[in-house]
Amino acid sequence: MNILLLGSGGRESALAWKLSQSPRCNNLYIAPGNGGTGAYGTNVKLSPLDFDAIRAFVADKSIDMIVVGNEDPLVAGIYDYFEADPVLVVGPSKAGAALEGSKDFAKRFMQRHGIPTAAYRSFTAETVEDGCEFLSTLKAPYVLKADGLAAGKGVLIINDIDEARSSLREMLGGMFGKSSATVVIEEFLSGIECSVFVLTDGNGSYRILPVAKDYKRIGEGDTGLNTGGMGAVSPVPFADAEFMRKVEERIIKPTVDGLKADGIVYRGFIFLGLINVGGEPMVIEYNVRMGDPETEVVMPRLASDLVDLVEAAAKGNLGSVPAEHDPRPAVTVMAVSEGYPGSYPKGRLIEGNLLPEGSIVFHAGTALDEAGRLVTSGGRVLAVTSLADTIEGAREKSYKALEKITFQGLYRRGDIGLDILEMMK
């Protein structure tokens, strides 16, 4: 099978690593890929949003399946674009991608299908004063979400009501461009978050992948600015059999059945951003693809052939294909550029052991310069993942591997997984 993977980050690096292991993968192309994905296939200079160029490439290379890594092509309708073509596309239709593309759509979907989530209301520039009034009915902190895609930056959590009202006006005035033309205000939920990943085939069958917890804040102890993710751990101790039973019955099944009932074609990954509120799971958000850096911790724990799984999902017959999990825990630690998540330099030389024994280094923001040297090209540069018999052991291996990698200004959090170890005492 010839496969085209769209994307360029750490998530795509982990997907490429896993896809390339399948005996059924003849040729793997990554568009555009990064400085490390060439180890698993062939990088090609294609934009994931240039559907016409992708179609020409698919024909030229006899591509059998397109795996869409990031959300932008899905929200733009890549599934619909290729629906009449013979190539398989792993991902939802444009209508299904609205679960991530529109917070308001996702909230209305959850409300319609009885899926537990925070109370909310949506507002536009015309109803901004109603929004300010609604804020007074809530308790601090106040959660404001841009309705559309905002590159992970469209959520504000504010403690002061006057600041929240001012931010609402700024958001509706264009703070995030068209993404915040509508703003969702919702109640703040207090609890521990986790990420649950589901692969579904659009016909009611689904497979649950290993559960993970990521770390969004730049600083240790979950302090400082939000990032795309500074690390991840899998499994999550509180996501035990009873918690996951509730997740499956109250969230996964109603989501999969709700998509089908609404006539929405959805053949791909569903990311459930959940929060454990006193033992009860609630949905914070949907994403319509795998998460990052969670993919880097989940893929090493997936014991089944990923090509078999995504092909079955894309064909609509996932029911007979198992998704087996490696019981060993995994820990991922991100190495990021100086200044991230603000402005950061690029082009800094990466040196050291990028093939450590017992660990995997997934490339995220890397590139090859004109001399063929590996350099930094993004805020999140590398993700180091290790498996071990214990979370403590996996954590130790990842940090030891990262000690042998250097680039100027390298920063990493030193506390990834410590809260999980504390929970387990």
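Author: In this predicted model, a residue is called buried when its relative accessible area is under 20%, exposed when it is over 50%, and partly exposed in between.

Reader: Why does Lys 246 count as buried?

Author: The relative accessibility of Lys 246 is 11%, and because the cut-off for buried is under 20%, Lys 246 belongs in that class.

Reader: What makes the contact of Glu 280 and Lys 246 a salt bridge, and which parts of the chain does the pair tie together?

Author: The side chains meet at 3.0 Å, N to O, and the limit is a Lys or Arg side-chain nitrogen within 4 Å of an Asp or Glu carboxyl oxygen, so the pair qualifies. Since Glu 280 lies in strand S17 (residues 280-287) and Lys 246 in helix H9 (residues 241-261), the pair ties together parts that are 34 residues apart in sequence.

Reader: How are Lys 216 and Asp 214 classed, buried or partly exposed?

Author: Lys 216, with a relative accessible area of 33%, is partly exposed, whereas Asp 214, at 14%, counts as buried. These two residues also form a salt bridge, with the closest N and O atoms 3.0 Å apart.

Reader: How do you know that Glu 186 and Lys 145 form a salt bridge, and where in the chain are they?

Author: Their closest N and O atoms are 3.1 Å apart, and because the limit is within 4 Å, the pair passes. Glu 186 is in strand S9 (residues 182-186) and Lys 145 in strand S7 (residues 142-146), so that distant parts of the chain, 41 residues apart, are linked. Both Glu 186 and Lys 145 are buried, and a search of the whole structure finds 27 salt bridges.

Reader: Which residues line the largest cavity, and what makes it a cavity and not a pocket?

Author: The lining is made by Leu 99, Lys 103, Ala 106, Lys 107, Met 110, Lys 145, Val 184, Glu 186, Ile 284, Glu 285 and Tyr 286, which includes both partners of the salt bridge between Glu 186 and Lys 145. The space is called a cavity because a 1.4 Å probe fits there but cannot get out, while a pocket is an open set. The volume of the largest cavity is about 70 Å³, and helix H6 (103-112) gives the most to its lining, with four residues.

Reader: How many cavities of 30 Å³ or more does the search find?

Author: The search of the whole structure finds two, and the second largest cavity, of about 40 Å³, receives the largest share of its lining, three residues, from H9.

Reader: Why is Val 155 described as partly exposed?

Author: Its relative accessible area is 34%, which lies between the limits of 20% and 50%, and therefore Val 155 is partly exposed. Val 155 is in strand S8 (residues 155-158), and together with Ile 157 and Phe 188 it forms a nonpolar surface patch with about 240 Å² of accessible area.

Note on methods. Residues numbered from 1 in each chain as written. Predicted model: local features only at pLDDT ≥ 70, side-chain atom pairs only at ≥ 80, totals over all residues. Heavy atoms only, no water. Helix = DSSP H or I, 4+ residues; strand = E, 2+ residues; numbered from the N terminus. Buried < 20%, exposed > 50% of the residue type's maximum accessible area, 1.4 Å probe, protein only. Patch = residues over 30% accessible without salt bridge, like charges linked within 9 Å, V, L, I, M, F, W, Y side chains within 5 Å. Areas by Shrake-Rupley, 256 points an atom, 1.4 Å probe, with all protein chains shown as cover. 1 Å grid on protein atoms, 1.4 Å probe; cavity = no way out; pocket = protein on both sides within 12 Å on 5 of 7 lines; lining within 4 Å. Points joined across faces, edges and corners; volume = space filled by probe spheres on them.
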